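My notes follow in the order I took them.

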Amino acid sequence: MANGSSLGSASSPVRVAIVGAGPAGFFTADALLRSESPVFDVDVFERLPTPFGLVRAGVAPDHQKIKGVTKTFERTAKHHRFRFFGNVEVGKDLSAAELRERYDQVVYAVGSASDRRLGIPGEELRGCHAATAFVGWYNAHPDFRDFPFDLGTERAVVVGAGNVAMDITRVLLKSPDELAKTDIARHAVEALRNGRVREVALLVRRGPAQAAFDPRELEDIASLPGVRVEVNAGQLVVEPTEKLDARQERNVALLGELAARPKVPAERSLRIEFLASPVELTGDERGRVSRVRVERNAVSRDATGRAVARGTGQFFDVEAGLVFRSIGYLGLPLPGVPYDPKGGVIPNQEGRVCSEPGGPVLPGVYAVGWIARGPLGVIGTNKSDAQAVAERMVADVATLRPAGESLRGHETVAALLTERGVSPTSYDDWSLLDRIEVDEGRSSGKIREKFASVEQMMNQLLRARQRKDD
Ligand code: NAP
């Protein structure tokens, strides 16, 4: 129930700004807009002109089923108390303080925009990249369109055993003709067609029981036509006392099956090296990575009982002209918003933002999704996360501005942005772009052809808006 004041009634809804239009932002908007008492009014701000965050720019192009969740987001966006402000960067076009003045509650749902580094010598060499950049590049994210991915090498090393490592391995090994039917970026499919990558070596620092990927991701790669998966049975050691959950059991069983397969000739291959950590990258005379020095690990238990990888002092080399570190995303700080550099998150207590890690809660400020809990979990994880944060926001309405006191300039956000030369995109604008992308894709046998630059999107929009007005 709303407090005794009229705040939260249909005539005086609680004004909420959500920063970030990815799954966490949309699920939070949906949960708030479903509330009948109090009533919420939701403005979503997004740095790009387009919505959907990692569903558009993170989910692999050949995983279209997962992208189906945008149908739910579309329903949310149609709500009469939902507004979308695309092409608006909070921290640059609007400050955190300005949002705080204009909204009763502000929710940060900005995800994890960067990546973790290995911290080994040679990581700065050309040809060594963050998997997250590669993902952004093949998904036509404007930040990564011009990234210098040179795929003119036979072997690539991927470090890490999460689902992102599986995604990029599959994209490197899959037939470009198959990928060309999806919504993969045009520049990426051309580079993959002209590329020479035939082998991926996946370096996993711990054992098979600790691999973070889902078995169906490995199954997908193992069933690609013309692709052989090599696993060394000697590395598939699982401690007899180790309790495996269903996912781990399937992984271990599948890896065992793959290890037992005969080594047939194949056009392309994946070699999975367990108990292996890169310790140094060396480059050729042109400053491009050419070799990865790898230390063989053994798994032991730390004081908490967690399985940890420890180097054995034995080394081997892998020749490779491309190295992708796929060891996790990292949240970045936003100007004017508390940040915990240790976890790469906004410090919070169950979604309520704290002034610093362990510090007091900042009333009316929330965080949800990866920027709140770290870069773990699938899209659906954000739904329950968002629901829980929305429940806290409902509970906190009673502590908000007193009856009759109105917020400063909530209705003037659009004018303020125009004054600053920012052209926000609305959800209707996105619907226009969406249609153009789908039509353009259809004409070349693809699901969609994404715009890969903000300039292109804004030009198309100008033209489409003019056509609509004519
Ligand atoms: P992740 O699941 O956390 O995997 C990170 C991997 O990097 C782990 O195998 C980890 O090994 C390894 N690692 C970390 N630090 C390392 C180091 N210094 N040296 C070597 N290896 C290191 O992260 P992610 O793959 O980026 O995925 C993020 C989230 O998105 C996950 O929850 C994932 O399931 C989800 N996702 C889902 C899908 C899908 O459903 N299809 C697709 C993509 C992503 P340790 O375990 O030894 O630390």
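Which polar backbone atom lies 3.1 Å from an oxygen atom of the ligand? I found that the atom belongs to Val 164. I counted a polar contact as a pair of N or O atoms within 3.5 Å.

I note that this is a predicted model, in which local features need pLDDT of at least 70 and side-chain atom pairs pLDDT 80 or more, while totals for chains, interfaces and linings use all residues. Residues are numbered from 1 along each chain as its sequence is written, and side-chain values use heavy atoms, without hydrogens and water.

I then looked up the side chains. An N or O atom of the Arg 206 side chain is 2.7 Å from an oxygen atom of the ligand. Glu 217 has a polar side-chain atom 3.2 Å from a ligand nitrogen. Taken alone the ligand exposes 920 Å², and the protein buries 81% of that (Shrake-Rupley method, 1.4 Å probe).

I listed 22 residues around the ligand, Ala 161 and Gly 377 being among the closest (a heavy atom within 4 Å). Domain 1 (2–113 + 331–425) and domain 2 (115–328) both contribute to this shell, so the ligand lies between them; the bounds come from an automatic or database domain assignment.

Last, I checked the strands (DSSP runs of E, at least two residues; paired if DSSP finds at least two bridges). β11 (residues 276–283) and β12 (residues 289–301) pair antiparallel over seven bridges. Thr 282 stands opposite Arg 291 in β12. β12 also pairs antiparallel with β13 (residues 307–319), over 11 bridges.

Methods:
A polar contact is a pair of N or O atoms within 3.5 Å; within protein, one must be able to donate a hydrogen and the other to accept it, and residues adjacent in sequence count only if both atoms are side-chain atoms. Helices (H or I, at least four residues) and strands (E, at least two) are DSSP runs, numbered from the N terminus.
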